[in-house]
Number of protein chains: 2
Amino acid sequence: MAKTGADTPRERYRAQLREEVKQHAWQQIATAGASALSLNAIAKQMGLSGPALYRYFAGRDELITELVRDAYRSLADTLDTAAADGADLAGLARTLRGWALADPQRYFLLYGTPVPGYHAPEDTTAIADEIMRTLLGACAALAPAPAGTPGTPFADHLATHRDWVGDHPATPAALHRFLAFWTRLHGVLSLELAGHFTGMGFHPELLFEAELDGLTAPLS
Amino acid sequence: MAKTGADTPRERYRAQLREEVKQHAWQQIATAGASALSLNAIAKQMGLSGPALYRYFAGRDELITELVRDAYRSLADTLDTAAADGADLAGLARTLRGWALADPQRYFLLYGTPVPGYHAPEDTTAIADEIMRTLLGACAALAPAPAGTPGTPFADHLATHRDWVGDHPATPAALHRFLAFWTRLHGVLSLELAGHFTGMGFHPELLFEAELDGLTAPLS
DNA sequence: ATGCGTTCGTTAGAAGTTCTAACGCTCCAG
DNA sequence: CTGGAGCGTTAGAACTTCTAACGAACGCAT
């Protein structure tokens, strides 16, 4: 099952050193942001000199892509295990918040300001889709609105624009709920993590919970 | 009134060249992002060489700070004139969306991923406060909920945590509405501008309008 | 156990970047 | 018209990513 094929000592060493590089990179990102990531500094921290890291990463971009992949993987696993432990939509929301607060720059690496030229490779978007499916499942698992409740106009639009859903059997109302869930929680989280609430006096967690309340109730 | 005191020819020239630098900087930011902004490239584009720009900006950081200030000023003015033209909360929301779509990287410069070390100078946060006040005013101008409607729990919290409001006579419900307005619209906008909706098939504008509908109705 | 070849880490260097220092030139003010 | 302030230049330091060439170490196969 493990495709972590580290049979030969060389491959084992290689994998280990790559991990160590990534660990230093995360530390550097957390303290100075992703744009300030320096291969040279990492090499120096590890006791080797400059170009040595190019044996392990084709360049700065590949390292960052690898970090993005790991971050997506970490979030997907965190949400999946929470869901497996019986977390409902609200539980997943709090899990997401905890994950984001644990390392804001990691969250921003996934959902922050995009670099205009950069296009994410196929497999990272695949993990992003997995995350969406997990959350969408929790949205679909909520008790549906009582029969006769009129659907939202946007849900009607989603009923005919659900390419992104794949074969998930979610109702348009669930799709609308998922998009509201995603965008609202991202809105609160990203502004909080960016420090736009500091000095305002209120507790961001309470705003998060207030939004969550509106999200688990029937959508207006 | 105009503190734009460009009396002497030198000061006039200086101000003009600063503007030209900023114009090139915006162009460069729009195409490659703020992190890729290069003083050298701007100098080359303008026909002068490298260190010449240090007569006009103390460094890259001061240039970026100036751009942030201009961006805040632009957004504040755009919203203020819209409000002066009688725009209500929904109108201001659409104005905000138009402003953001016109130059996504400018929006991200204000509300995107923060640089861990950086602290915005006093005056930029003052303009940010002005923007908040404009939007808060539009929230307060909405028809209040019918008497007897129970306030949200978060509004109760805001009733005792309103340091940030200054002396604005907004009700706790209006404060809650403003925060929901800000975070929800930022959520939709930032994900849309970051390209996270591309390929999903639905129209982001309709999601924006759906969120706006929920925002102008009484909050849950 | 002993080559031999792959892989590793090194230094050297090119092409960038920001930013400082020192030097003329130009233009404006008194 | 002359002195000084301001402007733009080149030189250079200290960085960055990344390529190229070299020696050394390691492990696999014989």
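**Figure 1. The surface near DNA strand D in the predicted model.** The residues of the surface near DNA strand D divide by class into eight nonpolar, seven polar and six charged. In this predicted model, DNA strand D is surrounded by 21 residues. The closest of these are Asn40(A), Pro51(A), Gly59(A), Arg60(A) and Leu48(B). At least two residues each are supplied by α1, α2 (39-45) and α3 (60-84) of chain A and by α1 of chain B. The most is given by α2(A), which contributes three residues.

**Figure 2. The surface near DNA strand C.** Around DNA strand C lie 21 residues, of which the closest are Leu48(A), Asn40(B), Pro51(B), Gly59(B) and Arg60(B). Two or more residues come from each of α1 (9-32) of chain A and, in chain B, α1 (9-32), α2 (39-45) and α3 (60-84). With three residues, α2(B) gives the most to this surface. Its class composition is eight nonpolar, seven polar and six charged residues.

**Figure 3. The side of chain A that touches chain B.** Contact is made between 42 residues of chain A and 41 residues of chain B. On the side belonging to chain A, two or more residues are given by each of α1, α7 (153-159), α8 (172-193) and α9 (204-216). The largest share, eight residues, comes from α8(A). By class, this side of chain A comprises 19 nonpolar, 19 polar and four charged residues. Of the interface residues of chain A, 98% are also interface residues in chain B, so the copies meet through the same surface.

**Figure 4. The fold of chain A.** Chain A contains nine helices and zero strands. Along the sequence, its elements follow the pattern α-α-α-α-α-α-α-α-α. Taken along the principal axes, the box filled by the C-alpha atoms of chain A is roughly 70 × 50 × 35 Å.

**Figure 5. The packing of α6(A) with α8(A).** Two packed helices are described by the angle between their axes and the distance between the axes. For helix α6 (residues 122-141) of chain A and α8(A), the axes come within 9 Å and cross at roughly 125°. This angle makes α6(A) oblique to α8(A). The crossing in which α6(A) passes α8(A) is right-handed. From α6(A), the residues in contact are Leu135(A), Leu136(A), Cys139(A) and Ala140(A), and these meet Ala174(A), Arg177(A), Phe178(A), Phe181(A) and Trp182(A) of α8(A). The contact has eight nonpolar, no polar and one charged residues.

**Figure 6. The packing of α4(A) with α9(A).** The axes of helix α4 (residues 89-102) of chain A and α9(A) cross at roughly 150° and come within 10 Å. The two helices, α4(A) and α9(A), are therefore roughly antiparallel to each other. In passing α9(A), α4(A) makes a right-handed crossing. The contact joins Leu89(A), Ala90(A), Ala93(A) and Arg97(A) of α4(A) to Phe208(A), Leu212(A) and Thr216(A) of α9(A). These residues divide into five nonpolar, one polar and one charged.

**Figure 7. The packing of α4(B) with α8(B).** In chain B, the axes of helix α4 (residues 89-102) and helix α8 (residues 172-193) come within 11 Å, with a crossing angle of roughly 30°. It follows that α4(B) and α8(B) are roughly parallel to each other. The crossing of α4(B) past α8(B) is right-handed. On α4(B), Leu89(B), Ala93(B), Leu96(B), Arg97(B) and Ala100(B) form the contact, whereas α8(B) contributes Phe181(B), Leu185(B), Leu189(B) and Leu193(B). By class, this contact holds eight nonpolar, no polar and one charged residues.

How values were computed: Residues numbered from 1 in each chain as written. Chains lettered and ligands numbered in written order. Predicted model: local features only at pLDDT ≥ 70, side-chain atom pairs only at ≥ 80, totals over all residues. Axes fitted to C-alpha atoms, helices over the stretch in contact; angles between N-to-C directions. Helix = DSSP H or I, 4+ residues; strand = E, 2+ residues; numbered from the N terminus. Parallel < 35°, antiparallel > 145°, perpendicular 65-115°, else oblique. Left-handed = near helix turned anticlockwise from the far one by under 90°. Contact = placed C-beta atoms within 7 Å. Nonpolar A, V, L, I, M, F, W, Y, C, P; charged D, E, K, R; others polar. Near = placed C-beta within 6 Å.
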